[in-house]
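Good morning, everyone. Please have the sequence and the 3D view open while I talk.

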Amino acid sequence: MDQHESKSAKLLFSLVFTGVVLLGSGSLHAQNAPKQIAVPPPPMGWSSWNSFSNTIDSQIALEQAKAMVSTGMSKAGYQYINIDEGWWLGERDKDGNIVVDPKAWPALAPGERAGDMANIVRAIHALGLKAGIYTDAGHDGCGTVGPDLGPGYPGEGSESHYEQDFLQFAKWGFDYVKVDWCGGAKEKLDPAIQYAEIARAIARAESITGHRLYFSICNWGVNSPWTWAPNIGGVTADVWRTSGDIVAPIVANSKNSGRKASFPGVLSNFDQGIHPEAQHTGFYNDPDMMVLGMPGLNDAQNRVHMSLWAISGAPLLVGADLTKLSATTLATLTNPAVLAIDQDPLGLQAFKVSEPSKGLEVWSKPLSTAGERAVLLLNRTASAAPIAVNWSDLGLLTSSSATVKDIWSGKDLGAFNLAYSTTVPAADAILIFIRGHEAKLTTYPAAKQTASVHGVPITKDHPLTITHVSSSARMARIQIVYTNPGRTTRIAELRVNGQIATRVAFPPTGSNATAGVIWIQSLLDRSGAENVLSFSAPCDPGPAIESIALE
Ligand code: GAL
């Protein structure tokens with residue numbers, strides 16, 4: 001075997017090992033086995049809005065942070081304490097700096113100054129947690145539009161102060177910022193333009209302070225943020241809300257303590273949050289903070305709520321009062337197997353693979369280990385009914401059996417051929433883990449290559465178009481083998497069949513001799529081998545793509 005053949009043989013082995021079968025030849029890839037690149041998982045934490053509304057202050061934030069630790073939630077992976085609307089009443093000093101109420105945000109340690117938001121951030125960080133803050137993209141925030149429990153107060157948005165405010169948030173030490181849209185909507189601004197400006201202000205604040213600010217867009221799905229939010233303004237990780245609030249805040253001992261979360265509300269936000277083509281490589285659809293553990297849902301509904309958010313790969317931001325969680329709610333929020341589904345490093349979202357009859361649905365989330373799927377059998381009807389999941393609908397081989405495990409109980413249910421069926425109670429769901437074998441993938445090399453070329457470099461001037469692509473599933477799972485020898489994530493824009501593009505993040509692979517593997521999901525809506533995938537680089541350098549592969 002000459003050197004060339006031996007490299008090819010090694011490559012073939014490694015690709016088969018990662019679940020790929022090369023059909024045809026002509027491509028010579030990077031020397032090392034392509035490695036699965038773990039993408040940043042969706043954020044996990046707590047947010048003040050659902051249970052405290054505009055009453056949020058330092059004491060509440062600190063109590064919740066302490067409860068996140070003492071309940072064991074932080075050990076389970078929850079880390080953000082996010083301060084939502086109501087922390088600031090729109091006041092600025094003569095230089096335009098935000099001024100906060102010193103009584104609401106007092107000194108917490110000797111030497112601190114009352115009215116400095118850095119105090120609460122330090123206290124949250126001292127507990128090993130991260131801190132989040134909130135503003136609006138417009139001049140006014142929701143405080144003017146609909147103040148809930150607070151007084152009406154204009155001017156608590158960041159418009160005209162983007163650079164100043166986001167730099168301030170980073171200097172205070174915040175790690176996460178949620179940017180609402182009440183003021184933006186009132187002024188009829190374009191969210192894609194406004195949030196790109198904000199992303200640039202965040203990037204500037206990050207480069208000045210060296211402190212990372214996770215970006216959470218909250219415009220309730222207006223103008224389809226999943227089409228423009230991934231990598232907006234060059235920010236490499238973000239989440240965007242896909243709908244309105246599940247419920248208005250339910251604050252104990254207040255005029256709105258009688259409100260109740262509803263199960264249909266949870267289902268509706270879940271449905272509006274499904275955009276699998278945009279959820280990849282660290283970008284996430286956000287169906288809203290959870291109402292799990294709040295008045296209105298029983299334990300079984302809380303379990304379904306958690307199953308829906310986990311299968312969506314949704315941000316897990318708890319809205320309940322953490323000091324008052326029941327043991328059952330806490331167990332639901334911290335079940336390690338369920339959290340692992342949500343946080344799976346493949347970073348993909350579930351999609352509905354079948355609906356055997358109206359209201360009986362099978363949802364599948366591909367997981368990072370080849371052959372593994374998290375599957376939700378969802379019964380939206382008013383009576384118990386059997387629901388079957390077919391291996392062929394999951395992209396698994398039908399010639400081998402697959403094992404099935406109940407995720408909530410951890411019980412092994414056995415090995416099954418072709419399908420698994422079980423009765424799902426009315427308005428309930430069963431979450432199962434399936435381990436089978438991947439159906440064969442077909443590889444499309446980016447180009448005929450020589451040993452010295454590791455993939456086709458994508459640049460602004462040289463896009464890459466792969467034609468004649470066929471898929472056995474309309475929502476295709478696409479493996480991309482690439483190299484990025486740089487130290488930072490590179491971006492390529494993918495357009496399928498000339499339709500709306502999505503920006504895909506390609507993290508560093510170490511060198512241009514080491515290929516990485518990421519997965520995305522795309523709607524391949526043309527039949528036969530008629531689909532066309534074009535990758536272009538919004539800015540140079542882009543990644544070098546070796547091949548794509550799909551079922
Ligand atoms: C809404 C947002 C909520 C909460 C609230 C504060 O627009 O969807 O999550 O932040 O504003 O007023």
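Predicted model: local features only at pLDDT ≥ 70, side-chain atom pairs only at ≥ 80, totals over all residues.

Now the contacts. Take Asp84: one of its polar side-chain atoms lies 2.7 Å from a ligand oxygen atom. For Glu85, an N or O atom of the side chain is 2.6 Å from an oxygen atom of the ligand. Lys178 also takes part, with a polar side-chain atom 2.8 Å from a ligand oxygen. How much of the ligand does the protein bury? Alone, the ligand exposes 310 Å², and the protein buries 95% of that.

Trp220 sits in the loop between strand S6 (214-217) and strand S7 (238-241). Its phi is near 55 degrees, which is a positive value in a residue other than glycine. Is Trp220 buried or partly exposed? Buried means under 20% relative accessible area. Trp220 has 26% relative accessibility, so it counts as partly exposed.

The loop between S6 and S7 also holds Asn231. Asn231 is not a glycine either, and its phi is positive, at about 65 degrees. But Asn231 counts as buried, because its relative accessibility is 3%.

One more backbone point. Asp540 and Pro541 are joined by a cis peptide bond, with omega about -5 degrees. Look for Pro541 in the loop between strand S25 (531-536) and strand S26 (544-550).

Next, aromatic rings. How many aromatic pairs does the structure hold? The number is 17. I will show two of them.

Pair one is Phe169 and Trp172. The ring centres are 6.1 Å apart and the planes stand at 35 degrees, so this pair is tilted. Why are Phe169 and Trp172 separated by about one helical turn? Because they are three residues apart in helix H7 (residues 162-172). Both Phe169 and Trp172 are buried.

Pair two is Tyr482 and Phe506. Here the centres lie 4.9 Å apart and the planes are at 75 degrees, so the pair is edge-to-face. This pair links distant parts of the chain: Tyr482 is in strand S21 (residues 475-483), Phe506 is in strand S23 (residues 502-506), and 24 residues separate them. Tyr482 is buried, with a relative accessible area of 0%. Phe506 is buried, also with a value of 0%.

Go back to Phe169 and Trp172 for a moment. Both belong to one aromatic cluster, together with Trp87, Trp88, Tyr162, Phe166 and Phe174.

Now to contacts across the chain. Find Leu322 in the loop between strand S9 (316-318) and helix H12 (327-334). Why does Leu322 count as buried? Because its relative accessible area is 1%, and the cut-off for buried is under 20%. What does Leu322 touch, leaving aside residues up to four places away in sequence? The answer is Trp46, Gln64, Ala67, Met68, Thr71 and Met73. Pick out Met68. Leu322 and Met68 are 254 residues apart along the chain, yet 6.6 Å separates their C-alpha atoms.

Which residues of H12 are buried? They are Thr329, Leu330, Thr332, Leu333 and Thr334. These buried residues pack against S9, helix H4 (73-76), helix H11 (299-312) and helix H13 (336-342).

Last stop: Gln272, in helix H10 (residues 263-272). Gln272 has a relative accessible area of 36%, so it is partly exposed. Setting aside residues up to four places away in sequence, Gln272 touches Thr242 and Ser243. Now look across to Arg487. Gln272 and Arg487 are 215 residues apart along the chain, and their C-alpha atoms are separated by 36 Å.

Methods
Residues numbered from 1 in each chain as written. Heavy atoms only, no water. Polar contact = N/O pair within 3.5 Å; in protein donor to acceptor, adjacent residues only side chain to side chain. Areas by Shrake-Rupley, 256 points an atom, 1.4 Å probe, with all protein chains shown as cover. Helix = DSSP H or I, 4+ residues; strand = E, 2+ residues; numbered from the N terminus. Buried < 20%, exposed > 50% of the residue type's maximum accessible area, 1.4 Å probe, protein only. Contact = heavy atoms within 4.5 Å. Phe/Tyr/Trp six-rings, centres within 6.5 Å; stacked < 30°, edge-to-face > 60°.
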